[in-house]
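Colleague: I am new to reading protein models. Could you walk me through one, feature by feature?

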Amino acid sequence: MQFTTMHTTSKKAAISFIFITLLIDVMGWGLIIPVMADLIAQLKHIPVNEASTYGALLLSVFAITQFLFAPVVGNLSDRYGRRPVLLLSLLGFGIDYIILALAPHYWWLFIGRVVAGITGASFTTATAYIADISTDETSKAKNFGLIGAAFGLGFVLGPALGALLATWGIRAPFYAAAVLCLLNCLYGYFLLPESLSKENRRPFEWKRANPFGSLKFLTRHPEIGGLAFSFFLIYLGSQAVQGNWNFFTIYRFNWSEKMVGISLAVVGVLVGAVQAGLTRVINPKIGNEKSIYLGLSLYALGLLLFAFATQGWMMFAFLIPYCLGGICGPSLQSVISGHVPPNQQGELQGALTSLMSLTTVVGPLIMNSTFAYFTSAKAPFYFPGMHFLIGAVCMMLSVIITYKVLTREKRENPELAGVIKGSAPIGETPMH
């Protein structure tokens, strides 16, 4: 059934399904973060600081698998339609969470993460589905707003629910995530219509499914190389928080799974407040350039404070400057996008997404291994917050590089001066 002849009720049901799918995707990961550190430590029979390295390997194998297979799955959805890909994605995530819940050995977790990485294209395919069913630019903007809303709500509800379920056992959040995914898959099987008509489908081509293809775009545009490197450093630095928050807080402050979940829910609220409110006020007033410098400085300050925190309550307080750093993301993306013509914006965003994926591959390995090393007997001195310090250095290097690039461009290319100083659209932050 095609959307050209579909009843309005069916269309609303499909949009609701997409929203729930995105929400469950984010919630599922948020559910298991509070207990993942203790589960790895339990399966490996090691302290939680040593388990941090093994946690990084799981994050990296998921990121590598998704980096390789996301374009393949996306191209498959262009060939066979969005509906089967979305349903298989949900089924894959459900199987992943069941494997994680039942895992008697650490290597089982690897199998689960590989399955999730291969099938985990729900965000990409859901975005394509939204584009398919949006009849005009107004409805498209409104429907795409579901992505940000689902992420924000999911990142608040997921960790909070995970913290609650963890009181019933370390495996309970995994079972809950599996049930959510499989119920949504069953719901979609009976109620989700196909959005891509057969006449709009195209043959599958391996050359178009090349995950490294989008990175070639950056080599063709050396003028944005410095800003792209700055973008890479921001997301690399943010991995100090994203990949190691649970391991660090459990080890350093003896936090329970419940406390980890609460802290992550607070992160979700703060990021949502910055993205939905503050950036819309601050960025237009002070412009792109100042928003970038201020945001990156706040990121660096937050990470520096995390590194030297001595009590658990400090982590909550220091989340405020760190999350406020999110005002830099939209402005930097706006400045970078100002360097390429409108018909290349899609390629540019694909290249930036690939850079983000690469930081998810290497970032946890760097940050978590640093944390494990500087809490071990091998370290020249004891410093659990060393990985946060590395993250702060990444942010400060990004400030310096961005300042040099923008200063030179304002001098050499007056046409870009308006973009550099102007207001910015709303985008994403490294907390995402």
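Modeller: We will go from the whole chain down to single residues. Keep in mind that this is a predicted model.

Colleague: How many helices and strands does the protein chain have?

Modeller: Begin with secondary structure. The protein chain has 16 helices and 0 strands.

Colleague: What share of the residues counts as buried?

Modeller: Buried means under 20% relative accessible area. Here 54% of the 432 residues fall in that group. The accessible surface of the protein chain is about 18,500 Å². Carbon and sulfur atoms make up 68% of that surface.

Colleague: Which residues of helix 4 are buried?

Modeller: Tyr106, Leu109, Gly112, Arg113, Ala116, Gly117 and Thr119. Remember Arg113, which is buried with a relative accessible area of 3%.

Colleague: What does Arg113 pair with?

Modeller: The general idea comes before the case. Side chains of opposite charge can pair when their charged atoms come close. Arg113 forms a salt bridge with Asp96, and their closest N and O atoms are 2.5 Å apart. The pair links distant parts of the chain, with Arg113 in helix 4 and Asp96 in helix 3, 17 residues apart. Asp96 is buried too, at 0% relative accessible area. The count for the model is 1 salt bridge.

Colleague: Which residues of the largest nonpolar core touch the most other members?

Modeller: Again, the idea comes before the case. In soluble globular proteins, nonpolar side chains tend to be buried together. The largest core here has 96 residues. Leu109, Leu303, Phe306, Met315 and Phe388 touch the most other members. A second, separate core has 16 residues, among them Ile18, Leu87, Ala150 and Leu192.

Colleague: What is Phe388 in contact with?

Modeller: Leave aside neighbours within four places in sequence. Phe388 then contacts Ala240, Val241, Phe248, Leu303, Phe306, Ala307 and Met315.

Colleague: Which residues form the nonpolar patch on the surface?

Modeller: Leu88, Leu91, Ile95, Ile98, Leu102, Tyr175 and Leu182. Together they have about 580 Å² of accessible area. Helix 3 and helix 7 each give two or more residues to the patch. The largest share, 5 residues, comes from helix 3.

Colleague: Is Leu88 buried or exposed?

Modeller: The cut-off for exposed is over 50%. Leu88 has 54% relative accessibility, so it counts as exposed. Leu88 lies in helix 3.

Colleague: Where is Thr402, and what does it touch?

Modeller: Thr402 is in helix 15, residues 386-412. At 0% relative accessibility, Thr402 counts as buried. Beyond four places in sequence, Thr402 touches Leu227, Ser230, Ile292, Tyr293 and Leu296.

Colleague: What does Asn246 touch?

Modeller: Asn246 sits in helix 10, residues 245-253. Asn246 is buried, with a relative accessible area of 7%. Not counting residues up to four places away, Asn246 touches Ile33, Met36, Ala37 and Val260. Asn246 and Leu264 are 18 residues apart in sequence. In space, their C-alpha atoms are 9.1 Å apart.

Key
Residues are numbered from 1 along each chain as its sequence is written. This is a predicted model: local features need pLDDT of at least 70, side-chain atom pairs count only at pLDDT 80 or more; totals for chains, interfaces and linings use all residues. Side-chain values use heavy atoms; hydrogens and water are left out. Helices (H or I, at least four residues) and strands (E, at least two) are DSSP runs, numbered from the N terminus. Buried means under 20% relative accessible area, exposed over 50%, partly exposed in between (1.4 Å probe, protein chains only). Accessible areas come from the Shrake-Rupley method with a 1.4 Å probe; for residues, only the protein chains shown count as cover. Contact means heavy atoms within 4.5 Å. Patches are made of residues with over 30% relative accessible area and no salt bridge: like charges are joined within 9 Å, nonpolar side chains (Val, Leu, Ile, Met, Phe, Trp, Tyr) within 5 Å. A salt bridge is a side-chain nitrogen of Lys or Arg within 4 Å of a carboxyl oxygen of Asp or Glu. A nonpolar core is a set of buried Ala, Val, Leu, Ile, Met, Phe, Trp, Tyr and Cys residues joined through side-chain atoms within 4.5 Å.
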